[in-house]
Amino acid sequence: MASLVTLLRDTRYPTPHELALAARALADEHPAEARLRQAGSSRAGRPLWLLSVAPAGGAATRHNVLVVAGAHANEPVGGATALSLARRVLHDPAPRADCGWHFLLCADPDGADLHRTPRPYSLLDYHRNFFRPPGPEQPEWAPSLLPPDRLPPETLALTALIDELRPVLQVSLHATDLGGSWVQLTRDVPGLAEPFGKSAAELRIPVENGASDAAGWPSPGPGIFVIPQPGSEAAGVFHPEDTRLSTWYHAHRYAGTTAIVEVPMWASDLVDDPAPHPDPRGALRVLAGRLAADTALVAGVREAFRPRPQTYGDPAAAALLRAVDWTLALIPRITAEWAGGGAPAEATSAYIASIDAFARRLSLRAAAMLLRVLRGQGHPAAPALDRLVTGWCEEFAARFQARWVPVATQVEHQARTVLATYERLRAQHRQSTDSP
C-alpha cells in the first residue's frame with residue numbers, strides 16, 4: 001500500500017481500509033507507544049478503528065484527547081488528518097506530556113464506502129458519486145433525532161469511547177466542499193483565533209467569517225464560533241436537529257470541550273469578505289426563491305420516479321433515496337425562513353455568500369444522489385438530470401471562483417488547528433488551576 005505521504009502528494013483521500021493499514025504500520029513502528037484496536041462495528045459490520053498514542057516517556061495519563069474523523073461520509077479529509085496528527089504527537093513529546101491521544105479513523109465507514117470520490121478534480125467529479133446520509137443515520141447527529149433505543153451502532157461506539165476516555169478535548173474533523181475554514185466550539189477556547197487565522201493565511205485558505213452553519217452564534221474571533229448554551233436563542237434553521245443533543249456535547253459530562261474543525265476542498269474568497277452587504281434581507285429572499293425553484297426541479301423528477309422493486313433490495317440505492325427524500329423534506333423549512341427575511345440587518349457579504357453556497361449545495365446534493373439511482377436503473381430521466389447536475393456544478397464553481405486546496409494543505413491546516421486548540425485549552429486549564 002502507498003504510504004500516507006505518497007497518497008497526500010498524489011492529491012488522494014485515503015479510503016478507510018487504507019487508513020487502517022497505515023495506522024497498523026504506524027503502531028508496528030512504535031509498539032511501546034501506539035496501539036490500534038477495534039472500537040466497534042458499523043451497521044454493515046465494518047470495523048471502527050481507534051489508534052491510540054500513549055503519553056511520552058511512560059508518564060501517567062492525566063488527560064485524553066479524542067479526535068473523530070469521517071463523521072460525514074462526503075468529508076474524507078479527516079482520516080488523513082488524524083493519521084498526520086498521530087505521527088506528529090509521536091515525534092513531539094510536548095502534546096503528550098501527560099496526555100493520551102486517540103484517533104477514531106472513520107466514524108461512518110459504510111457511508112464512506114458509498115461516497116466514492118477519493119480523487120475529485122472538479123465539483124462535478126466530486127458530485128458524480130456523492131453520498132451523505134440523512135441526519136438520523138449520521139453518527140454524531142443521531143442522538144438529536146432518535147430515541148436512545150434506536151441509535152445506530154456507530155453512535156453507540158462513539159459515545160462509549162467518550163465515556164471510556166473522558167476527553168478533556170474532543171475534536172471532530174469536518175470539511176466543506178466549497179468555501180472557507182472555520183471552527184465551532186461547545187465552549188470558548190480563548191486565544192484560538194490568532195493561531196487559527198495565522199495558519200489559514202499562510203496556507204491561503206479563506207476564513208469563513210459568516211458561516212451559515214453557525215448563524216447567530218457568538219464569535220470571539222474571525223472564523224471561531226461558540227455554540228449557544230441551552231436556553232439561549234440562535235438561528236438554527238440550518239439544523240433540524242438540536243446541536244446540543246449531538247455527541248459533541250457528550251464530552252460535557254466529563255467537563256470536556258468539543259471543537260469542530262472545518263476546512264474547504266475548494267476555496268472561495270467570497271466567504272472571507274467582511275464588508276456589510278447592502279441588502280441582506282432582500283438577498284435572502286432571492287436565494288429562497290432560487291432554492292425553491294431548483295428544489296422543485298429535483299422533486300418533480302423524484303415524484304415521477306417509480307423505483308423497480310429490486311431497488312429496495314439494493315442497500316446502496318435505498319440509502320441514496322432515503323438521503324434524497326430527507327434533504328428534499330428539509331428544504332421548505334429553510335426557504336420559509338429566508339423568504340421571511342430572516343437575516344440580521346447588519347449582515348456581511350461573507351454571510352450572504354456562505355448562505356448562497358449552502359443553498360446551492362442542498363439542491364445539488366439531492367439531484368446528484370437521485371442521479372446515481374436513475375443511472376443505475378437506466379432510467380430515461382437520467383440524461384436530463386445529468387445535464388442539470390453538470391450545469392449547477394459549473395455555475396457553483398464559477399460564481400465562487402473556486403480554487404482547489406491540495407489535500408496535504410487541508411490536512412496541514414486541520415492538524416495545526418487541532419494542536420493549537422489543545423495548547424490553548426491546556427493553557428486555560430493551567431491558568432484556572434493556578435488562580436488563587
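Buried means under 20% relative accessible area, exposed over 50%, and partly exposed in between, computed with a 1.4 Å probe on protein chains only. The model is predicted, so local features need pLDDT of at least 70 and side-chain atom pairs count only at pLDDT 80 or more, while totals for chains, interfaces and linings use all residues. Residues are numbered from 1 along each chain as its sequence is written, and side-chain values use heavy atoms, with hydrogens and water left out.

View A. T327 lies in helix α9, residues 315-339; helices (H or I, at least four residues) and strands (E, at least two) are DSSP runs numbered from the N terminus. T327 counts as buried because its relative accessibility is 9%. Leaving aside residues up to four places away in sequence, T327 touches L362, A366 and M369, where contact means heavy atoms within 4.5 Å.

**View B. Strand β4 and its two faces.**

**View C. Strand neighbours of β4.** Two strands pair if DSSP finds at least two bridges between them. Strand β2 (residues 47-53) pairs with β4 in the antiparallel sense over 4 bridges, and V53 stands opposite W101 of β4. Strand β3 (residues 63-68) runs parallel to β4 and is joined to it by 6 bridges; V68 has L104 in β4 as its bridge partner.

View D. Together with helix α3 (residues 77-91), β3 and β4 make a right-handed β-α-β unit. A crossover is right-handed if, with the strands pointing away from the viewer, the path from the first strand over the helix to the second runs clockwise.

**View E. Helix α11 and its buried face.** Helix α11 (residues 382-399) has 18 residues and reaches 25 Å from its first C-alpha to its last, close to the 26 Å expected at 1.5 Å a residue; the expected span is 1.5 Å times one less than the number of residues. Its buried residues are A382, L385, V389, T390, W392, C393 and F396. Seen down the axis of α11, these buried residues fall within an arc of 165 degrees, so they line one face of the helix; the arc is that of the directions from the helix axis to the C-beta atoms. The buried residues of α11 pack against α5 (123-128), β5 (169-179), α8 (280-304) and α10 (349-377). R387, E394 and A398 are exposed on the other side of α11.
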